[in-house]
Amino acid sequence: MGCGGSSQPRYEMSKSEKSLKAALLIQRWYRRYQARLEARRRCTWNIFQSIEYSGEQDQLKLYNFFNDMLTSVEDSPKASFLSENGISEEEENPQIIRDDKLDKLDVSKILVEPTYQGVQLTFPLTAQQLQDMVASLKEDQPIHARYCIQILLEARKLLREKPNVNQATTALAKQITVCGDLHGKLDDLFIIFYKNGLPSKENPYVFNGDFVDRGPHSVEVAMLLFAFFLVYPNEVYLNRGNHEDHIMNLRYGFIREVQMKYGKPNCKQQAQWLIPLFKDVFSLLPLATVIDGKILVAHGGISDKTDLTLLTNLDRRKYKSVLKPPLKDGADEITGDEDDLTDKVNFSEWRQILDVLWSDPKMVDGCQPNLFRGGGSYFGPDISSKVLKKHSLDLLIRSHECKSEGYEYTHNGLVLTVFSASNYYEMGSNRGAYVKLGSDLKPRCIQYMASKSHQKLSMAQRLSIVEESALRDLKEKMATNKTTLKQGFQQFDPNNTGFITLTQWAHVMEEVLELTIPWRTLRNKLIRINDQGMVEYESCMEVELTIGGHEGGPSVTEVLYRNKNSLETIFRAMDKDHSGTITMDEFEEACSLLSKHVGSDISKESVRDMARCIDINKDGYIDFNEFLEAFRLVDTQVNSAELDSNKSKADLKMDSNGTNDMETGTVI
């Protein structure tokens with residue numbers, strides 16, 4: 001009897017079952033594809049944010065130096081259009097800008113040239129002039145300096161009458177719109193006005209700070225907002241942001257923009273007056289707005305110490321820069337040798353402002369210092385609930401953080417972040433948004449993107465463009481720290497094999513660059529790994545910036561790239577008359593201050609010799625290129641002993657004798 005096998009009938013799926021299985025496979029593939037895109041997006045976002053906040057940390061690291069710099073080398077603009085009864089140059093103290101000096105500014109002496117084709121303004125402004133102003137700016141026509149100064153002077157008068165915390169209402173208009181950071185993005189402001197209408201009595205707005213810096217049209221954005229505020233002072237509410245701050249403006253582009261647009265060669269009075277006016281007006285901006293007693297609108301956020309009563313009663317005008325707290329009445333200047341500054345600085349008052357402008361929400365309970373930015377606090381859901389309940393509020397609307405969709409709810413719906421500058425990091429990186437509130441105070445977020453070129457691109461295509469930009473910025477930061485990175489890698493490679501583990505590589509990258517980003521996720525885009533899983537660490541340093549330097553130390557360009565933002569900030573601070581160049585007197589004054597700051601004596605003769613060496617074209621002024629060139633020349637002679645003593649920083653020190661010879665390369 002044979003043992004033949006029994007055959008089972010083969011089951012065949014029906015057509016509908018095949019379709020269902022195919023749909024499930026496609027759905028599974030799509031979900032994985034979306035998950036990979038989301039992982040790439042978050043990683044890219046992390047790179048951008050880490051580099052941005054690292055820059056803010058660098059700015060705050062210059063805090064002590066700029067406290068001295070801005071106290072001793074304060075703005076002292078001189079211009080021919082002071083009124084006849086103004087303060088004479090002989091009477092004025094060149095170290096201090098007094099409010100009465102700005103009050104005596106006579107704009108009638110600023111002539112509007114016949115060739116000027118921009119908007120013509122008369123004061124008081126009218127609603128029609130605002131429309132003309134918008135139309136003119138859409139045609140890329142600049143606003144004349146005379147009108148800018150007039151707008152600022154009028155806004156200055158009006159802002160003095162405003163409380164620290166505005167009280168807005170929807171009772172009349174039955175609506176109100178809240179906008180977040182604009183950062184000089186004029187196109188975004190125009191989109192908001194197109195979609196939502198111009199500000200008016202029937203269409204009130206709250207603009208929640210950070211009007212300026214980073215973007216190319218900060219002057220125009222600020223002028224437009226101040227102009228609408230002048231016409232509708234009870235319908236347009238302007239909150240101060242952390243970038244409405246003179247020290248931040250020195251670093252992040254606003255001062256440079258004003259100088260480029262209103263500083264003419266050999267006749268820079270316009271920029272010289274606009275900059276101190278902006279500085280003064282920014283300090284007068286209210287710190288927060290409360291809508292119908294139920295919604296708090298503040299730029300950064302809150303902390304466990306936030307008290308709206310204290311915030312309402314403090315004198316905000318004293319804080320020209322939030323990073324530079326004013327001294328108590330009668331207190332001596334800070335020397336740096338104090339163990340306790342409570343007798344000189346009102347820290348509780350200062351923190352009220354600092355937290356409102358600089359803080360960020362976090363998902364964990366509690367309140368901690370915001371070490372990521374270097375200022376303000378991290379506040380958790382429990383803090384949001386506690387502070388809102390204390391003041392009978394239902395919602396906190398804040399800005400300060402770029403969000404990929406333009407807005408984000410956190411803390412169980414108690415905190416809403418809105419960010420109105422689209423394409424903030426790169427074209428296509430994020431949407432902008434604004435919040436529409438009706439009389440029921442239920443938020444409705446409207447999104448947009450100003451760039452037309454990316455509207456037809458898929459999400460993956462947009463992400464690839466943004467990812468490429470983020471990696472380019474990251475590689476630049478790696479290149480500017482190439483020497484320090486190599487020293488860190490070699491600590492794990494004593495035999496000079498050229499290979500270390502992935503964990504060791506990630507540790508060095510995070511320690512040296514001070515960026516908390518997913519290094520392991522980025523490994524395939526930054527380094528080469530051999531078959532044994534070891535990292536060829538030289539492969540992450542192949543972006544070349546070197547144009548000079550010496551063996552074993554950082555290249556010239558490496559040091560310049562690493563410190564370019566700080567150098568520009570120092571240059572702008574030295575340029576006390578905002579002319580775009582440093583005079584010999586300004587340079588001498590700044591060097592005298594710097595020598596005191598680092599505890600090293602330097603003679604006036606040495607400073608003058610130094611200035612003459614830096615002044616390459618011998619015109620009696622030091623421009624920014626000459627300033628950078630001086631550091632380039634100096635760096636070529638930095639010795640390896642100095643590098644070994646501080647491997648994480650380019651430490652440019654003044655010679656103990658205060659001498660300087662550009663040919664021998666003595667370090668400044």
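Is Phe419 buried or exposed, and what is its relative accessible area?

## Basis of the model

This is a predicted model, in which local features need pLDDT of at least 70 and side-chain atom pairs count only at pLDDT 80 or more, while totals for chains, interfaces and linings use all residues. Residues are numbered from 1 along each chain as its sequence is written, and side-chain values use heavy atoms, with hydrogens and water left out.

## Aromatic pairs

Phe419 is buried, with a relative accessible area of 1%, where buried means under 20% relative accessible area, exposed over 50% and partly exposed in between, for a 1.4 Å probe and protein chains only. Phe419 forms an aromatic pair with Tyr424 that is edge-to-face, at 5.0 Å centre to centre and 75 degrees between the planes; rings of Phe, Tyr and Trp (its six-membered ring) pair if their centres lie within 6.5 Å, and planes under 30 degrees apart count as stacked, over 60 as edge-to-face and the rest as tilted. Tyr424 also counts as buried, at 12% relative accessibility.

The ring centres of Tyr434 and Tyr448 lie 6.2 Å apart with planes at 35 degrees, so this pair is tilted. Tyr434 is buried at 2% relative accessible area, and Tyr448 is buried at 6%.

Arg316 is buried yet has no salt bridge, and Asp315, the nearest side chain of opposite charge, is 6.9 Å away. A salt bridge is a side-chain nitrogen of Lys or Arg within 4 Å of a carboxyl oxygen of Asp or Glu, and for charge Lys and Arg count as positive, Asp and Glu as negative, with His and the chain ends not counted.
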